[in-house]
Amino acid sequence: MSSFFRPFPRHHRCAFFTGIHKEEHAKNLQGEEIDPRCNDVETLTPQILSTDAEEILRFAKQCKQLGYKEINLNMGCPFPRVANKKRGCGLLPYPDMVEAMFKRIFEEIDINFSVKCRLGYFSPDEIEAIIPIFNKFPLSELIIHPRIGKQLYKGEADVERFKSLIPYINAPLVYNGDIFSVESFGRIHVATQPVNRFMLGRGLLTNPFLAEEIRGGAWNAPERTEHLHVYVIDLYEDRLRHAGGSPKVLGRMKELWSYLMYSFEEPQVVWRKIKKINALREYEEAVEEVFKSIELNF
Ligand SMILES: Cc1cc2nc3c(=O)[nH]c(=O)nc-3n(C[C@H](O)[C@H](O)[C@H](O)COP(=O)(O)O)c2cc1C
């Protein structure tokens with residue numbers, strides 16, 4: 001399968017490597033995820049989840065040495081085990097901490113530094129005290145997902161609130177949230193003028209064609225099915241190779257299918273075939289059956 005045309009670029013501009021980088025030679029900076037031979041260093045932005053300026057500076061230094069052009073700080077992760085330790089979006093209620101951390105980072109950093117955040121952890125008002133801090137530093141990009149951490153993914157992204165922040169933000173601003181189709185992109189694009197940078201999340205997991213569709217790409221049904229099929233097999237084979245053939249990859253593939261199932265006419269039928277599987281062979285057979293028996297719905 002690997003000699004097939006690959007329908008999607010291996011690494012999109014918004015792909016993130018999330019590293020927790022404790023020591024100078026931390027193991028997780030040596031894997032394929034960060035290896036410049038496996039990535040496009042011009043366009044991939046490695047991401048770190050940390051509140052330790054020294055750790056972020058070490059990460060920045062190593063990423064720069066590897067050829068990357070930018071690092072991104074994750075101030076958006078909403079999961080309680082992260083956020084309760086004031087990491088991810090758990091940092092947003094503490095503007096003084098953010099200021100001290102950024103001050104130290106910008107004394108030394110010599111690679112582009114961008115930030116991904118939410119409106120807050122407990123309240124959407126938290127962003128108002130954080131924006132003046134962000135504005136003190138030359139961020140290369142600020143990505144805002146307009147939900148609060150406590151919501152996780154519930155409710156809708158607050159596009160109006162995002163819009164109200166636009167005039168107050170100095171950094172190049174990126175909108176992220178609830179772009180699931182060309183239609184929702186169009187609506188959000190109009191509502192967030194003059195913002196012209198957008199990041200896709202679950203929409204891309206559900207429909208891996210979405211970024212290209214937004215750019216005007218079109219495929220007929222057989223092409224779509226074939227491309228999606230190749231993508232799913234390629235990804236699985238790569239992950240399996242990475243994991244030394246361990247069935248642990250099934251957990252990751254099932255997580256993808258929990259989004260991808262909505263690309264099919266009968267998502268619940270697809271999910272029932274995939275969710276209980278715990279052997280590689282069974283998984284491979286189930287995937288073949290899905291592609292043989294269930295039509296894509298777009
Ligand atoms: C399975 C999954 C994994 C994610 N991992 C990351 C991550 O490592 N770093 C990050 O900044 N955001 C991560 N996100 C959040 C997305 O980047 C995005 O902010 C979020 O899904 C909201 O956008 P959406 O409404 O378009 O999905 C993840 C989201 C999902 C669903």
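Analyst: Let's start with a term: two strands count as paired if DSSP finds at least two bridges between them. Keep in mind that this is a predicted model.

User: Which residue in E4 stands opposite Leu73?

Analyst: E3 and E4 also run parallel, paired over 6 bridges. Within that pairing, Met75 has Cys117 in E4 as its bridge partner. For Leu73, the residue standing opposite in E4 is Val115.

User: And on the E2 side, which residue stands opposite Leu73 in E3?

Analyst: E2 (residues 45–48) pairs with E3 in the parallel sense, over 2 bridges. Together, E2, H1 and E3 make a right-handed β-α-β unit. The residue standing opposite Leu73 in E3 is Ile48.

User: Which residues touch the most other members of the largest nonpolar core?

Analyst: As background, nonpolar side chains in soluble globular proteins tend to be buried together. The largest nonpolar core here has 39 residues. Elements giving two or more residues to this core include strands E3 (70–75), E4 (112–120) and E5 (141–148), along with helices H1 (53–66) and H3 (95–108). The members touching the most others are Ile71, Met75, Cys89, Leu92 and Val115.

User: Leaving out residues up to four places away in sequence, what does Leu92 touch?

Analyst: Contact here is a geometric call: C-beta atoms, placed from the backbone, within 7 Å. With residues up to four places away in sequence not counted, Leu92 touches Met75, Cys117, Arg118, Gly120, Tyr121, Glu126, Ile127 and Ile130.

User: How many residues are in the other core that lies apart from it?

Analyst: Among the members of that other core are Tyr236, Leu260, Val270 and Tyr283. Leu260 is also one of the buried residues of H10. The residue count for this other core is 13.

User: Why do the buried residues of H10 end up on the same side?

Analyst: The buried ones are Val249, Leu250, Met253, Trp257 and Leu260. They sit on the same side of H10 because the arc they cover around the axis is only 90°.

User: Which helices do those buried residues of H10 pack against?

Analyst: On the other side of H10, Gly251 and Glu255 are exposed. The buried residues of H10 pack against H7 (202–206), H9 (221–242), H11 (267–275) and H12 (280–293).

User: How far apart are the end C-alpha atoms of H10?

Analyst: H10 covers residues 249–260, which makes 12 residues. At 1.5 Å a residue the helix should span 16 Å, and the end C-alpha atoms agree with that, being apart by 16 Å.

User: Last one: is Val195 buried or exposed, or something in between?

Analyst: Val195 sits in the loop between H6 and strand E7 (198–199). Not counting residues up to four places away in sequence, Val195 touches Ile166, Leu173 and Tyr175. The C-alpha atoms of Val195 and Tyr175 are separated by 7.5 Å, though the two are 20 residues apart along the chain. With 18 other C-beta atoms within 10 Å, Val195 comes out as partly exposed.

Key: Residues are numbered from 1 along each chain as its sequence is written. This is a predicted model: local features need pLDDT of at least 70, side-chain atom pairs count only at pLDDT 80 or more; totals for chains, interfaces and linings use all residues. Helices (H or I, at least four residues) and strands (E, at least two) are DSSP runs, numbered from the N terminus. The expected span of a helix is 1.5 Å times one less than its number of residues. A residue is buried if 20 or more other C-beta atoms lie within 10 Å of its own, exposed if 12 or fewer, and partly exposed in between; C-beta atoms are placed from the backbone. The arc is that of the directions from the helix axis to the C-beta atoms. Two residues are in contact if their C-beta atoms, placed from the backbone, lie within 7 Å. A nonpolar core is a set of buried Ala, Val, Leu, Ile, Met, Phe, Trp, Tyr and Cys residues joined through C-beta atoms within 7 Å. A crossover is right-handed if, with the strands pointing away from the viewer, the path from the first strand over the helix to the second runs clockwise.
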